[in-house]
Amino acid sequence: MAPLALGLGQRGVALTLALEETELEGDRERLKEAAGNLAANALAHCAPGGEIRVTLDRQGGEAVLAVYNDGPSIPQDDLPRLFEPFFRGDRSRSREGGSTGLGLAIVRAAAEAHGGSCGAENRPGGVCFTLRIPIWRPAPP
């Protein structure tokens, strides 16, 4: 989250991390880019002086990265389309310049390349984006 430190400070956004150490098999750079895109998206849509919460834990056979921000809710009709390339949806959540509309599509491509999935849901007071990747399990001896 170091690349976001300046933006967090400038906007007065609090960042809470709860990360469980988890081993995955996959493309480290691609997964790092996906996580970074989710974090950058949260910062772009977080209320000034607001909060971003990032968790990583194991749920069943998956590692689940959840990135919550206290920005405005997303219209229900837009939720299934958020990960489509160039989809911008609700103008109140679209950045005024700079965004290409590819960040979440990159998240979806990384998830699918690793046999995982991604999604978004409105929660009380904000929105949570998730990235689910199957956990690597070593072959038994």
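The model is predicted, so local features need pLDDT of at least 70 and side-chain atom pairs count only at pLDDT 80 or more, while totals for chains, interfaces and linings use all residues. Residues are numbered from 1 along each chain as its sequence is written, and side-chain values use heavy atoms, with hydrogens and water left out.

Start with the overall plan. The protein has three helices and five strands. Helices (H or I, at least four residues) and strands (E, at least two) are DSSP runs, numbered from the N terminus. From that end, the elements run α-β-α-β-β-α-β-β. Of the 141 residues, 35% count as buried. Buried means under 20% relative accessible area, exposed over 50%, and partly exposed in between (1.4 Å probe, protein chains only). Now take contacts, meaning heavy atoms within 4.5 Å. Among those between residues at least 6 apart in sequence, 66% join residues at least 24 apart.

Next, go inside. In soluble globular proteins, nonpolar side chains tend to be buried together. A nonpolar core is a set of buried Ala, Val, Leu, Ile, Met, Phe, Trp, Tyr and Cys residues joined through side-chain atoms within 4.5 Å. The largest one here has 28 residues. Leu38, Ile52, Leu82, Phe129 and Leu131 have the most contacts inside it. Helix 2 (28–45), strand 2 (51–59), strand 3 (62–69), helix 3 (103–113) and strand 5 (126–134) each supply at least two of its residues. Helix 2 gives the largest share, six residues. Leu82 touches Ile74, Phe87, Leu104, Ala120 and Phe129, not counting residues up to four places away in sequence.

At its start, a side-chain oxygen of Asp27 reaches to within 3.1 Å of the backbone nitrogen of Glu29. The buried residues of helix 2 include Leu31, Ala34 and Leu38. An α-helix has 3.6 residues a turn, so residues three or four places apart point the same way. What covers the buried residues of helix 2 includes helix 1 (5–11), strand 2, strand 3, helix 3 and strand 5.

Finish at Ile135, in the segment after strand 5. Is Ile135 buried or exposed? Ile135 is buried, because its relative accessible area is 16%. Leaving aside neighbours within four places in sequence, Ile135 is in contact with residues including Thr22, Leu24, Arg58 and Ala63. Ile135 and His114 are 21 residues apart in sequence and 9.9 Å apart in space, C-alpha to C-alpha.

Terms used. A polar contact is a pair of N or O atoms within 3.5 Å; within protein, one must be able to donate a hydrogen and the other to accept it, and residues adjacent in sequence count only if both atoms are side-chain atoms.
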